[in-house]
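These are my notebook entries on one model. I wrote down what I looked up and what I found.

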Amino acid sequence: MLIVMKKGSTPDETARVCDAVRAIGRTPVTVVIDGREAISVAAGNPPLDAGRFEGMAGVHQVVPLEAPYRLAARDARPRGTAITVGGRTIGAGGLFVVAGPCAVENEEQIVETARLMKQAGADALRGGAYKPRSSPYSFQGLGPEGLRLLVVAREATGLPIVSEAVDESSLDLVAAQADIVQIGARNMHNGALLKSAGRLRKPILLKRGMSATLDDLLMAAEFILDQGNGEVILCERGIRTFSQHSRFTLDLSVVPAAQTASHLPVFVDPSHAAGRRERVAPMARAAVAAGADGVIFEVHPDPDDALSDGRQALVPGEAAELIAQLREVAAVLSRKTEVAR
Ligand code: PEP
Ligand code: MN
């Protein structure tokens, strides 16, 4: 980090900044750039907080030269993180497909969907037992019964299950049954929940908050990693913009950006971004073309009767066709990578 002093700042002000640097256990090195004094502080652990120095007397500008996250940064694992779930690898160049309903509704719905998605070549089944909803009057999920039904579906098909924890009390219940625990967009900033997820030994699918920057998402991942859980999957699910033609704006540019900034695998959820079933497949194909390590989308045997998010759910036939297309796009990309080598 470079702390650049104002022209005309006093030696006393520089000394105070140097003292503040020493107070956090770091060594200040004073340099002169273009006639201004600047204090250089080497990168280290923990990462430096620019805000600590910005308001100090005599400081003109603080230029961070390192990311505010350390464990999530690509440098921490330059070759990338690979996570094994149900015998399949997430990351390391493969494509991991998760399909299933927004919410678990009953045994027939979840087991039938699981069977069809297994046949279609999905790698995991999604289904919410606890639902974070935009309205308190909407279906909130079946809770423990939903988790029990997911286990029934896993037993029937062998598909690993992905399910969301909405708070600390549901976290342990979900973690006891699910193979991947989802932390949703609305909870991305919930530091207490992230820390608790960091103490689990289960992969965490961490969705990007709808108004979160990439740095915000990576700092949220840092909370989990810092507690010792190294298995975090980042997930783009659409952000709020001025665009009104879709539920959220799917920010596919974040896929390569996140893969450069971090070693963590990156998934894309086209369903919650698109909000309409006819837009899910194009966005999912684009996500794989952009290099996503995985795709998670919603499918329901009878979307018109779905208790949540029916408008964006594919029917199983459409989902099967999409999974085949996603595998084709991924195969073209891996052939290209091989040729490039
Ligand atoms: C979900 O996956 O069902 C969900 C509610 O996702 P998000 O947190 O992205 O809105
Ligand atoms: Mn949903």
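**Entry 1: strand β14.** I began with a bridge and found that Val268 has Val295 as its bridge partner in β14. I count two strands as paired if DSSP finds at least two bridges between them. Strands (E, at least two residues) and helices (H or I, at least four) are DSSP runs, numbered from the N terminus. Strand β13 (residues 266-268) is joined to β14 by 2 bridges, and the two run parallel. On strand β7 (residues 96-100) I found 5 bridges to β14, again parallel. There, Phe96 is partnered with Gly294 of β14.

Before going further I noted the ground rules. This is a predicted model, in which local features need pLDDT of at least 70 and side-chain atom pairs count only at pLDDT 80 or more, while totals for chains, interfaces and linings use all residues. Residues are numbered from 1 along each chain as its sequence is written, chains are lettered from A and ligands numbered from 1 in the order in which they are written, and side-chain values use heavy atoms, with hydrogens and water left out.

Is β14 enclosed or open? I found 5 of the 5 residues of β14 buried, so the strand is largely enclosed by the rest of the structure. For burial I use under 20% relative accessible area; exposed is over 50% and partly exposed lies in between (1.4 Å probe, protein chains only). Gly294, Ile296 and Glu298 point one way from β14, and Val295 and Phe297 point the other way.

**Entry 2: the manganese ion.** Which residues donate to ligand 2? I listed Cys102 (SG), His272 (NE2), Glu298 (OE) and Asp309 (OD), at 2.0 to 2.4 Å from the manganese ion. His272 lies in helix α9 (residues 270-274) and Glu298 in strand β14 (residues 294-298), so this pair ties together parts that are 26 residues apart in sequence. Donors here are N, O and S atoms within 2.8 Å of the metal (3.2 Å for Na, K and Ca); water is not among the atoms, so the site may look incomplete. I wrote the spacing of the donors along the chain as C-x169-H-x25-E-x10-D. His272 and Glu298 are both buried.

I then checked Asp309, which sits in the loop between β14 and α11 (316-340). Its phi is near 55 degrees, a positive value in a residue other than glycine. At 17% relative accessibility, Asp309 counts as buried.

**Entry 3: ligand 1.** The residues around ligand 1 include Cys102, His272 and Glu298. A residue is listed if one of its heavy atoms lies within 4 Å of the ligand.

Gln182 has a polar side-chain atom 2.9 Å from an oxygen atom of ligand 1. For Ala185, a polar backbone atom is 2.8 Å from an oxygen atom of the ligand. For Arg186, an N or O atom in the side chain is 2.9 Å from an oxygen atom of ligand 1. The protein covers 97% of the 300 Å² of accessible area that ligand 1 has on its own; such areas come from the Shrake-Rupley method with a 1.4 Å probe.

Entry 4: Strands β10 and β11 run parallel and are joined by 3 bridges. Both faces of β11 are covered, with Ile204 and Leu206 buried on one side and Leu205 and Lys207 on the other.

Helix α6 (residues 191-198) has 6 of its 8 residues buried. Among them are Leu193, Leu194 and Ala197. Their cover includes α5 (168-177), β10 (180-183), β11 (204-207) and α7 (214-226).

Entry 5: Val41 is in strand β3 (residues 36-41) and, at 3% relative accessibility, counts as buried. Its contacts (heavy atoms within 4.5 Å) include Met1, Ile3, Val21 and Leu48, leaving aside residues up to four places away in sequence.

The loop between β3 and α2 (51-54) holds Pro46, and the peptide bond from Asn45 to Pro46 is cis, with omega near -5 degrees. Most peptide bonds are trans, and most residues other than glycine have a negative phi. Ala92 has a positive phi of about 60 degrees. I placed Ala92 in the loop between β6 (88-90) and β7; at 71% relative accessibility, Ala92 counts as exposed.

Terms used: A polar contact is a pair of N or O atoms within 3.5 Å; within protein, one must be able to donate a hydrogen and the other to accept it, and residues adjacent in sequence count only if both atoms are side-chain atoms.
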